[in-house]
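Welcome! Let's get to know a structure together through a few questions and answers.

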Amino acid sequence: MSQEKKELMNRALSAMTINIGKAAVNDNVIEEIKRQLKANEIVKLKFAKNVAKNKDDYINEIVQKTRSKLVDVRGHVAIIYKR
């Protein structure tokens, strides 16, 4: 694991968590993620079990629409970063 990724993972421990539930990914969710990335650079996305089967699609959509980078995915949690 690179030093940069280690630093991002450490920062992710205290990062803002946004829950993605049955409403899935909509414009309001994207706007909130953009606000949190601007304020904190790093955001955790926690997917509810009922939408977790589609989480890869949602992650790709979020990363594309927010122009962020996917740092890591573990279980139902994804960490994204935008400098």
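This is a predicted model: local features need pLDDT of at least 70, side-chain atom pairs count only at pLDDT 80 or more; totals for chains, interfaces and linings use all residues.

Q: How many aromatic pairs does a search of the whole structure find?
A: The search covers the whole structure. Rings count as a pair if their centres lie within 6.5 Å. The number of aromatic pairs found is one.

Q: Is the aromatic pair of F47 and Y58 stacked or edge-to-face?
A: The two ring centres are 6.5 Å apart, with 5° between the planes. Planes under 30 degrees apart count as stacked, while those over 60 count as edge-to-face. With its 5° angle, the pair of F47 and Y58 is stacked.

Q: Which parts does the pair of F47 and Y58 tie together?
A: The two residues are 11 residues apart in sequence, so the pair links separate parts. F47 and Y58 are both buried. F47 belongs to residues 42-47 and Y58 to residues 55-66, so the parts tied together are strand β2 and helix α3.

Q: Is V51 buried or exposed?
A: Let's start with its place, which is the loop between β2 and α3. Leaving aside neighbours within four places in sequence, V51 is in contact with I20, G21, K22 and Y58. Buried means under 20% relative accessible area. Because its relative accessibility is 5%, V51 counts as buried.

Q: How far apart in space are V51 and E41, C-alpha to C-alpha?
A: In sequence, V51 and E41 are 10 residues apart. Going from C-alpha to C-alpha, their distance in space is 25 Å.

Q: Where is H76 found, and is H76 buried, partly exposed or exposed?
A: H76 sits in the loop between β3 (69-74) and β4 (77-81). Not counting residues up to four places away in sequence, H76 touches L45, K46, F47, K49, A52 and K55. Because its relative accessibility is 34%, H76 counts as partly exposed.

Q: How far apart in space are H76 and K53, C-alpha to C-alpha?
A: Along the sequence, 23 residues separate H76 and K53. In space, their C-alpha to C-alpha distance is 9.3 Å.

Q: Which side chain makes a polar contact with the side chain of T66?
A: T66 is found in helix α3 and, at 3% relative accessibility, counts as buried. Its side chain reaches the backbone oxygen of I62 at 2.6 Å. The question asks for a side chain, though, and at 2.8 Å the partner of T66 is S68.

Q: Which residues is T66 in contact with, leaving aside its neighbours within four places in sequence?
A: Contact means heavy atoms within 4.5 Å. With those neighbours left aside, the residues in contact with T66 are I30, I33, K34, L37 and K82.

How values were computed: Residues are numbered from 1 along each chain as its sequence is written. Side-chain values use heavy atoms; hydrogens and water are left out. Helices (H or I, at least four residues) and strands (E, at least two) are DSSP runs, numbered from the N terminus. Buried means under 20% relative accessible area, exposed over 50%, partly exposed in between (1.4 Å probe, protein chains only). Rings of Phe, Tyr and Trp (its six-membered ring) pair if their centres lie within 6.5 Å; planes under 30 degrees apart count as stacked, over 60 as edge-to-face and the rest as tilted. A polar contact is a pair of N or O atoms within 3.5 Å; within protein, one must be able to donate a hydrogen and the other to accept it, and residues adjacent in sequence count only if both atoms are side-chain atoms.
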